[in-house]
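Subject: Structure for you to look at

Hello,

Here is the structure I promised to hand over. My notes on it follow below.

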Amino acid sequence: MNCIHCNSDNVVKCGKFITSNGIVRQRYLCKNCNKKFVVNPIKPKYSEEFKDKIVKAVVKEGMGIRQSSRVFKVSVPTIIKWVKEYKLDEKSKIFRCSLATQAKN
Ligand SMILES: [Zn+2]
């Protein structure tokens, strides 16, 4: 396992997250450059920009999920999932992986 940023093999597992497809992915932390990365990320069905636009319409502009579903032609459960992910992501920005508390899984 090598870091995708600096190619160092000094990497540790750094938590898991769930993709928009509902797949659990392992996240790694490079102890050399201190960056996080995911190996072979799955290409998403929708672009991040598109997803971002819808989530912002719902979260920031207060557009209804049903309405945005019609406007953007994305299913209601998908939008709900994206909004949840967005809120989780906001929280995880506060959370930082600590090198001292790495679990070996
Ligand atoms: Zn690195």
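First, a term: a residue is buried if 20 or more other C-beta atoms lie within 10 Å of its own, exposed if 12 or fewer, and partly exposed in between, with C-beta atoms placed from the backbone. This is a predicted model, where local features need pLDDT of at least 70, side-chain atom pairs count only at pLDDT 80 or more, and totals for chains, interfaces and linings use all residues. Residues are numbered from 1 along each chain as its sequence is written. Helices (H or I, at least four residues) and strands (E, at least two) are DSSP runs, numbered from the N terminus.

Positive phi. Most residues other than glycine have a negative phi. Asn-7 is not a glycine, yet its phi is positive, about 65°. Asn-7 sits in the segment before strand 1. With 10 other C-beta atoms within 10 Å, Asn-7 is exposed. Lys-73 also has a positive phi, about 60°, and is not a glycine. Lys-73 lies in the loop between helix 2 and helix 3. Lys-73 is exposed because 7 other C-beta atoms lie within 10 Å.

Three strands form an open sheet in the order 1-2-3, with antiparallel pairing (two strands pair if DSSP finds at least two bridges between them). Strand 1 (11-18) and strand 3 (36-38) are at the edges, each with a single partner strand, so one side of each has no neighbour in the sheet. Neighbouring strands are turned by 35° against each other on average, direction ignored. Strand 2 (residues 24-30) pairs with strand 3 over three bridges, in the antiparallel sense. Arg-27 stands opposite Val-38 in strand 3.

The helix pair. The axes of helix 1 (residues 48-59) and helix 2 (residues 65-72) come within 10 Å and cross at roughly 150°. Axes are lines fitted to C-alpha atoms, for helices over the stretch in contact, and angles run from 0 to 180 degrees between N-to-C directions. The two helices are therefore roughly antiparallel (over 145 degrees). Ile-54, Ala-57 and Val-58 in helix 1 meet Ile-65, Ser-68 and Phe-72 in helix 2 (contact: C-beta atoms, placed from the backbone, within 7 Å).

Helix 3. Where is Glu-85 found? Glu-85 is in helix 3 (residues 76-92). Glu-85 counts as partly exposed, with 16 C-beta neighbours inside 10 Å. The C-alpha atoms of Glu-85 and Thr-19 are 8.7 Å apart, and 66 residues separate the two along the chain.

Best wishes

Notes:
Angles under 35 degrees count as roughly parallel, over 145 as roughly antiparallel, 65 to 115 as roughly perpendicular and the rest as oblique. Two residues are in contact if their C-beta atoms, placed from the backbone, lie within 7 Å.
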